[in-house]
Amino acid sequence: MSSYEVVVLGAGAAGLAAARVLAEAGLRVALLEARDRIGGRIFTDHVTLENSAEPVPMELGAEFVHGLPQVIWDLVKEANLSTYELDGDRRSFARGGFDSGEENQGDAEGVIEEMMAWLAKQPAGTDATFAQYLERAGIDASRGRRAASYVEGFNAADSNIIGVAALAKQQLAENAVQGDRLFHVDGGYDALATFLSEKFLAAGGTLLLEHPVHHVRWSRGAVSVSGVNAGARHFQLHAKRALVTLPLGAVNAGTVEFDPVPEEIFTHAARMAMGAVVRISLLFDAKFWHKNLSFLLTREEVPTAWWTPMPNSAPLITGWAGGPKAAALSQKIGPDPTALLEHSLDALSRFYGVATRDLRQRLVRWRTHDWQADRYACGAYSYAPAGALNASEMMARPVSDTLYFAGEHTDTTGHWGTVHGALGSGLRAAAQILHL
C-alpha cells in the first residue's frame, strides 16, 4: 500500500508520539525513518557484564528525564517503566584539586535569576545575547565566565548567540516541572521509543525503516514523498498530509528537498541554531572515582562535566562538552573516535591519579556518537538565538493544511532540546491534523 492519509517523516520522539495518536484515531499512517532503528536522538546501547544479571544501558543521545513533565511521565506510567532519580555528591575539579560543586553551580544559577529580573524591567520585546547581557548588567568577570560555561554546557549553545529571552522562558518552564531533578529510565531511554512504536503498530500503522526521504512534492491536500531505501530500491508514497519531524540541523542542511519550498517554515528554521555536543560513556570493571559521585564539574577542562548513574552502582561514567568547547574539541581531536577515548582517559587520569594505561586495561566498553557528523541529525539539539524567540511558534503553524512540522525545535513552551519538548510537539501536530 503506497497511499495514506498521513506520512510522518522521522521516527524520533516527536514522530512516534504523533504517529501513534494518528493511527489510534483511525487514520492510515506511514512512519518513515532513515535509520535502521527508531528513536532518533534517543539512542541506547545495552551492555551485558559477566557479573551482572541485567544489561547496563549506555545512552549515546538523550539520557535524562528532566523533572516532572506530564507528557513524559504519563507515558512512563502507561508503559509501566521503572525509573530512578539521580542522587549523589556533586564535585568540582579545578587547579589540581576537588571541592564541592554546589557552590559553583549555585553561583551560575544565581546569574540566570539576576538575568530574568533584569529582563523583566526592560521594555517588552527586549532581547540580547547572553554575552551581551553579562556586559550590560556589569556581571563580575569571574561569575560571568562560570555562568557562560553553565549556559553553554547545558544548552549546547554559544553564549554569544543564545538569547536571554529564550533563556528566561526556558528557566520558567523548567521551574514549572522541577527541571533541576533528573531521572533515568531503568532499562534505557529507548524503552520509551519501543513502547510508542508498539502502540503505533498495534493500531495498524506502517513503519518503514531505512527509508530516507529525499524529495517531498506537495500541493494543497496532496503529498508525494520519495527516496531510495537500504535495498537501493526507489520508493514513493502518497498521502493527503505530511508531518515532518526532522531535526532542525537536518532541515537547515537541506537533507530533504521540498517542491515547492515552504518558505516561511524554512525562514524561521534558519533563525534557530543547532548546538554541538561531544559525549563519551566509559564502562569500567569497577569504580575508581569518589564513592558516591553523581556529577563532576571540570570547566577548566574539556569535557567540562562528568556524571555517573548514581544511585545505580554500575561503574559507568560519562564525559560531556557542549557549545563552543564541544566544537573546539571536535576540531582538535578530529573524526577518529579513539582520539576522544584517549583524551578522556588522560583527563580522568589527571583527576584521579590512575595511570592512563591502567584505565585502558580496566575499560570494559566505551561508546560515543558524533551527532554533528550524523547526516540525519546535523547537531545535538536546538536553541533560540537573540531575536528568535517566536521562531518555534512560527514553525509550528500548518502549511496549507497539508504540511506540518514537529520536533523539539518547534516546541513553544520553553522546553527546547528535551524529549518531553519533542513529545509535546508531536502531540500538538497530531491535534492540528485531527483538527482538535
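Val8 stands opposite Leu31 in strand 2. The structure is a predicted model, in which local features need pLDDT of at least 70, side-chain atom pairs count only at pLDDT 80 or more, and totals for chains, interfaces and linings use all residues. Residues are numbered from 1 along each chain as its sequence is written, and side-chain values use heavy atoms, with hydrogens and water left out.

Helices (H or I, at least four residues) and strands (E, at least two) are DSSP runs, numbered from the N terminus. Two strands pair if DSSP finds at least two bridges between them.

**Strand 1 and its partners**

- Strand 1 covers residues 3-9 and is mostly covered, since five of its seven residues are buried (buried means under 20% relative accessible area, exposed over 50%, and partly exposed in between, with a 1.4 Å probe and protein chains only).
- With strand 2 (residues 29-32), strand 1 pairs in the parallel sense over four bridges.
- Strand 1 also pairs in the parallel sense with strand 13 (residues 234-244), over six bridges.
- In strand 13, the residue opposite Val8 is Leu243.
- Together with helix 1 (residues 13-24), strands 1 and 2 form a right-handed β-α-β unit; right-handed means that, with the strands pointing away from the viewer, the path from the first strand over the helix to the second runs clockwise.

- Three strands form an open sheet in the order 5-9-6, with antiparallel pairing.
- Strand 5 (65-66) and strand 6 (83-85) stand at the edges with a single partner strand each, so one side of each has no neighbour in the sheet.
- Two bridges join strand 5 to strand 9 (residues 182-185) in the antiparallel sense.
- His66 has Leu182 in strand 9 as its bridge partner.

**Cis peptide bonds**

- The bond from Asp259 to Pro260 is cis, with omega near 0 degrees.
- Pro260 is located in the loop between strand 14 (257-259) and helix 9 (263-271).
- A cis bond also leads from Met310 to Pro311, with omega near 10 degrees.
- The loop that holds Pro311 runs between strand 18 (305-307) and strand 19 (316-322).

**Positive phi values**

- Ser400, a residue other than glycine, has a positive phi near 55 degrees.
- Ser400 lies in the loop between helix 13 (391-395) and strand 22 (403-405), and is partly exposed at a relative accessible area of 29%.
- Asp401 has a positive phi near 50 degrees and is likewise not a glycine.
- Asp401 sits in the loop between helix 13 and strand 22, and counts as partly exposed at 29% relative accessibility.
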